[in-house]
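Here are a few quick notes on the aromatic side chains, for you to follow along with the model open.

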Amino acid sequence: MSATAAHADDHDHGAPIGFVRRWLYSTNHKDIGTMYIIFGGIGGIVGLLMSIYMRMELQAPGLQYMTDGNVWNVLVTAHGLVMVFFFVMPVVISGFGNWFVPLMIGAPDMAFPRMNNISFWLMPPALILLVLSMFVEGTGGAPGVGAGWTIYPPLSSAPQTGMAMDLAIFSLHLAGASSILGAANFITTVFNMRAPGMTLHRMPLFVWSVLVTAFLLLLAVPVLAGAITMLLTDRNFGTSFFDAAGGGDPVLFLHLFWFFGHPEVYIMILPAFGIVSQIVSTFSRKPVFGYLGMAYAMVAIGFVGFIVWAHHMYTVGLDVDTRAYFTAATMVIAVPTGVKIFSWIATMWGGSISFKLPMMWSLALIILFTIGGVTGVVLSNAGIDMTLHNTYFVIGHFHYVLSMGALFGIFAGIYFWFPKMTGYHYSEKLGNLHFWLTFIGVNLTFFPMHFSGLAGMPRRYIDYPDAFEGWNYVSSIGSYVSGIASIVFLFLVWEAFSAKRKAEDNPWGEGADTLEWTVSSPPPFHTFNEQPKFN
Amino acid sequence: MRVVTGFRAPLAFTVVALLLLVAAPVMASQPTPWQLNFQDFVTPVGALVDDFHTLLLVVEFGIAIFVFLLLAYTCYRFRAASNPNPSKTTHNTLIEVLWTVIPVVILVIIAVPSFKLLYFMDKAENPDMTIKVTANQWYWDYEYPDQEGLTFSSTMLDAEDAKAAGDPRLLGVDNPLVVPVGQNIQVLVTSNDVMHSFFVPSLAVQIYGISGRANETWMRIDKAGTYYGQCNQICGVNHSFMPIKVIAMEEAEYAQWLLKAKQEFAMDNPSPELKLAAASQ
Ligand code: HEM
Ligand SMILES: [Cu+2]
Ligand SMILES: [Cu+2]
């Protein structure tokens, strides 16, 4: 490695003293990254608790714990929104992105440090608004938004209902503004602040993944913002964008929502792809196979991601030719996705593989994501999707790509960078326990959903025909196992901080050749006061 | 071949699972416990869906098993203990072309039956009759425009009544949708309030009901029987409780039912033709 890091020994160089100055006023990319990860972690726990409560309800037919469908609808809605906007996005893009994009390209910080501060501090109020929405009158006359995370009108636009939906819209406005600012920041940083010699085509794939994701955010989130603003005015100011009685059309909202929504699902998975690429190469002690193919596969996924949205809308009454187009376009995405999978395996091929925890998470991601990918190809066929849309098959599909794709990517990243971020080693034993419990838990939870989905079980149901009991019971047990796994993880974090086993600058050996491993663990407050150079 | 022996058990397991899925054991027009695959289809569209899905299953399992075995073999063969010195290979044009082209070929193979199915299921060519379905929070209205506008509502039975009527819990309704077998039925779906989705798995029918639109689909039920479905688009507090029950009858039986229904529903039906028709019988 030809890069040099300055001040690697100088730990608290320049860190402001005092909680308020250090954290509230923070303009430091690592501190902001840390705050994002902690914030996302809290979001993740909230979302997880909701999901376990929902699985308890579904464990047996009949109503177990919840009083009626309103409670259920509010929980599914909040679970989806919290996991997407307040867990996955803050951790995987803003958290890891803030921490490691500047480090990997040899930049001293993000391009707009103050904007970075406001990006983060928009998020807590956004979460507060969303939580508040659960306690004021909403779509069903009872407290909370009960329209699903996709908030389709007219259910979400009925003007006679209380303020809950409006609060949720404001929450998404803030979270969206935060994402857009963050995306602008990442794009500027990557384009303008690379160290000399760090050309675009030499950037680590994680940086590529964040760059592509930032473009997706910049182009997709404003469309969501527009759609929910129109929803807001429909609700409160007598417009009728989505109201057939006033000349509008509810389906317009679906187009706008999914024009955002499909890129959004790739926003959640691309950074995880980037993390896996770093890890697979590190633990195989081999450079990434087909680097350019890998980078441009992400660009291709990002591009095609914008022209497939109506595969979520095959059953809304689209013209048959339109459905045929969206079927074809959607299937195309499988090609660059396959390139990623095979390139990871080719990276390992001929390597010298060690099965450390980050690698275990990455391997699990590769195989489980493949399962989510093939069910995606099934759903891409409009003819089949007419019978599978909105069933548990879809729930199975997207949890394989999210709960096993994005989530495993997050844990791969945490286990990879934990020593770097905290300066401490975690316990391998606890880590293994956490990994295997999670692996078993999520598969038990989500695999049976394919079966109940094929058999016709609709999603967003508080109670189901008795025949579905078996698979639902298995799913519920699986979710409790994942819940236990999460407790093990929290314990692992606590144990690592209290045992204080000091981590080296580079705990992973010669395979770890990106810049972040050249600075100390944890890195000094200001890194690269002297610019690193590549040749 | 030390490696292969290690995978025999999981391989055997997946093959059995695959066979189970393809063979699709006991199925019915309603979900059954531990069911693995689709409900038995009773429409021509459903038959195509089933065939196509079998092809997809083979592709799905083929790809997933291939990736799994390749990954497992790679992990085994190139573990640090057996391969301490990594190679530095980062390119192989042939293989990169192959793993782009082969998936494309597979997708084309999928696309052909996919489009056939899609265009076949879109609309009935020459419908013999029309049913108009209107979704409401939280019940369905069924209208027979060809039968003097015969219209009635269909609401879920509570657990006891369902049991008494011989319906599964949550699937029974007071007034089922009754249709003749063997006829091409055009189904028009709309809504009076929020979005709903008219979904009957064993008929391979699903389409949203949206206010201000009449969405079209069709069915031809080839076997007399009772088929259950449920609303499949979140529509408020009782979304889980607005089932669909379709009874397909032989022609003669259906004609009798029509007579009876016209009388029964004349009273609460606004259409004057129907009242007249009922009075003249
Ligand atoms: C091979 C690539 C993929 C294909 C072909 C694919 C295809 C599809 C299709 C057709 C649907 C619509 C199903 C329906 O509602 O009827 C769907 C739903 C979904 N997919 Fe994928 N998908 C792919 C990968 C992904 C990835 C990578 C993610 C996220 C990381 C993802 C997340 C989702 C989500 C969240 C939904 C459901 C949204 C909702 O209705 O709430 N998919 N996918
Ligand atoms: Cu999508
Ligand atoms: Cu519904």
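This is a predicted model: local features need pLDDT of at least 70, side-chain atom pairs count only at pLDDT 80 or more; totals for chains, interfaces and linings use all residues.

1. Is A:Phe120 buried or exposed? Its relative accessibility comes out at 4%, and the cut-off for buried is under 20%, so A:Phe120 counts as buried.

2. Now look at who sits beside that ring. A:Phe39 and A:Phe120 have ring centres 5.9 Å apart, and because their planes meet at 85°, the pair is edge-to-face. A:Phe39 belongs to helix H2 of chain A and A:Phe120 to helix H4 of chain A, so this contact ties together parts 81 residues apart in sequence. Like A:Phe120, A:Phe39 is buried.

3. There are 62 aromatic pairs over all chains. Another of them also involves A:Phe120: the ring centre of A:Tyr36 is 5.1 Å from that of A:Phe120, with the planes at 85°, so this one is edge-to-face too. It links distant parts of the chain, with A:Tyr36 in helix H2 (residues 29-58) and A:Phe120 in helix H4 (residues 113-133), 84 residues apart. A:Tyr36 has 2% relative accessibility, so it counts as buried.

4. Further along chain A, have a look at a cluster joined by ring pairs. Its members include A:Trp361, A:Phe408, A:Tyr415, A:Trp436 and A:Phe497.

5. Last, hop over to chain B for a charge over a ring. Which residue lies over the face of B:Tyr76? That's B:Arg79, at 4.6 Å from the ring centre.

Methods:
Residues are numbered from 1 along each chain as its sequence is written. Chains are lettered from A and ligands numbered from 1 in the order in which they are written. Side-chain values use heavy atoms; hydrogens and water are left out. Rings of Phe, Tyr and Trp (its six-membered ring) pair if their centres lie within 6.5 Å; planes under 30 degrees apart count as stacked, over 60 as edge-to-face and the rest as tilted. Helices (H or I, at least four residues) and strands (E, at least two) are DSSP runs, numbered from the N terminus. Buried means under 20% relative accessible area, exposed over 50%, partly exposed in between (1.4 Å probe, protein chains only). A charge sits over a ring if NZ of Lys or CZ of Arg is within 6 Å of the ring centre and within 35 degrees of the ring normal.
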